[in-house]
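Take a look at the structure, then read on.

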Amino acid sequence: MAEQTNPAAPAASARPRVLPPRALGRATLERQLLLSRSPMSAKDAVGHLVGLQAQNTRPPYYQLFARLADFDPAELSTLMESREVVRIVTLRSTIHTHTADDALTLRPLVQPARDRELNMFRRGLVGVDPDRLAAIGRELVEERPRTPKELREALLVQWPDADPQALSVAARCTLPLVQVVPRGLWGRSGQVELTTVEHWLGRPARQAAAPDATVLRYLGAFGPASVMDMQRWAGLTRLGEVFERLRPRLVTFRDENGVELFDLPDAPRPDPDTPAPPRFLPEFDNVLLGHADRTRIIPPRYRGRNGNGNQAYGTVLVDGFLAAVWRYGTPGGKPREATTLTVQALGRLSRAERDAVTEEGMGMLAAMLPADPSAHEVRFARFVDFGE
């Protein structure tokens, strides 16, 4: 049963309640639509979650499958083709899938972080005027979508002594570039081709999203959370003053380390013992990256275990916590329809937990890789060495 909080109750003199990782995890999982699948549309879910990490092309589809009832990958592809959602660099300088409205407002909000990123490459940009680069780059990609290589080579004509990588970074930092379809479409995709978000959407640039409103949205999808949590999620700094401004509208808690956590008064905070069914999450799911302290989802003993060097793996949540990693493939070079989903448990799973993970995995394969169900299998096996 969700905790009922009275927003009018005086809290200034009360000692903030301590929320252990399990309580924090259940609250975040509920808001992330991971305790039970939601009937909301894919577009509404993308907006509610304030975007989906889209560093690779397939993860947004798996993120939505884990969260939505009866999700069909074609729904997200259709939204991309109709330009209702787009792939654009925003949070943490990483590509995200955002609604069109969020793409037009969140990118300006995080522009200070892109400016700081650009400063790191100044040595390779001697003699390059960022404003002129942005103007030339905009003209090039709005004439027609360009691949990163085409854009870089065209800019090198203007600045032949510049570092090519620095020019690419400068274009990404100074311009709100989106990856146009078919890149990112389910079962189709294509090479990366870029144009500006304004040109792709046929709308002018908009004022940056208000930081106050974005804090409230973040808490609605990731809370309870600290100032540092949101700064890590957004890739921004100096948000403390925004939280202070909002303090009268929020409730506060503490984690077990004494860190102050903020939350919306009426946001759900389920009982820590609320059941959390197994969920298969793709690499770089935002629920794994949305906090500075990730112990609400990742037990300290498994820190860093959802990847190995530069290789990231899918994550399996069991009872609300990271418990295994996963990957799938087509064994023996068989056709795509014959797929094995391999799960590597990080610790001991009970028979009931293994059965529940298998059922969830088979459901994912059936939805995401339609075929004769007998062609799919889930097996438990070791496929990565974490140096144990």
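## Strand E3 and its partners

Val85 has Thr99 as its bridge partner in E3, and Arg87 is bridged to Thr97 of that strand. Five bridges in total tie E2 to E3, and the two run antiparallel. (Strands here are DSSP runs of E with at least two residues, helices are runs of H or I with at least four, and both are numbered from the N terminus; two strands count as paired if DSSP finds at least two bridges between them.) E2 and E3 make a hairpin with five residues between them, and Arg92 in the turn has a positive phi of about 55 degrees. E3 also pairs with strand E1 (residues 52–53), again in the antiparallel sense, over two bridges; Gln53 has His96 as its bridge partner there.

All of this comes from a predicted model, where local features need pLDDT of at least 70, side-chain atom pairs count only at pLDDT 80 or more, and totals for chains, interfaces and linings use all residues. Residues are numbered from 1 along each chain as its sequence is written, and side-chain values use heavy atoms, with hydrogens and water left out.

## The whole sheet

Zooming out, five strands form an open sheet in the order E1-E3-E2-E4-E5, with antiparallel pairing. E1 and E5 are the edge strands with a single partner strand each, so one side of each has no neighbour in the sheet. Strands of a sheet pair through backbone hydrogen bonds, either parallel or antiparallel.

How many of the residues of strand E3 are buried? Five of the five, residues 95–99, so the strand is largely enclosed by the rest of the structure. (Buried means under 20% relative accessible area, exposed over 50%, and partly exposed in between, with a 1.4 Å probe and protein chains only.) Ile95, Thr97 and Thr99 point one way from E3, while His96 and His98 point the other way, and all are buried.

Helix H5 (residues 100–109) has eight of its 10 residues buried, so this helix too is largely enclosed by the rest of the structure. Among the buried ones are Asp102 and Arg107, along with Leu104, Leu106 and Leu109.

## Nonpolar cores

The largest nonpolar core has 32 residues, and Leu64, Phe71, Phe280, Val316, Trp326, Val343 and Met364 are those with the most contacts inside it. Several elements each supply at least two residues of this core, including helix H3 (59–67), strand E12 (321–329) and helix H15 (351–368). (A nonpolar core is a set of buried Ala, Val, Leu, Ile, Met, Phe, Trp, Tyr and Cys residues joined through side-chain atoms within 4.5 Å.) A second, separate core of 25 residues includes Val50, Val215, Ala225 and Trp233.

Back to Phe71: leaving out residues up to four places away in sequence, Phe71 touches Ala42, Tyr61, Leu64, Phe65 and Leu76, where a contact means heavy atoms within 4.5 Å.

## The second largest pocket

This pocket holds about 390 Å³ of space and is lined by 23 residues, with Val89, Pro148, Ser168, Arg172 and Leu194 nearest its centre. (On a 1 Å grid over the protein atoms alone, a pocket is an open set of points where a 1.4 Å probe fits, with protein on both sides within 12 Å along at least five of seven lines; lining residues have an atom within 4 Å of a point. Grid points are joined across faces, edges and corners, and the volume is the space filled by probe spheres set on them.)

Which element gives the largest share of the lining of the second largest pocket? That is H9, with five residues. By class, the lining has 14 nonpolar, five polar and four charged residues; Ala, Val, Leu, Ile, Met, Phe, Trp, Tyr, Cys and Pro count as nonpolar, Asp, Glu, Lys and Arg as charged, and the others, Gly among them, as polar.

The Val181 to Pro182 peptide bond is cis, with omega near 20 degrees, and Pro182 is in the loop between E4 and strand E5 (194–196). Gly223 and Pro224 are also joined by a cis peptide bond, with omega about -5 degrees.

Leu33 is not a glycine, yet it has a positive phi of about 65 degrees; at 9% relative accessibility, Leu33 counts as buried. Arg83 has a positive phi too, near 65 degrees, but Arg83 is partly exposed at 34% relative accessible area.
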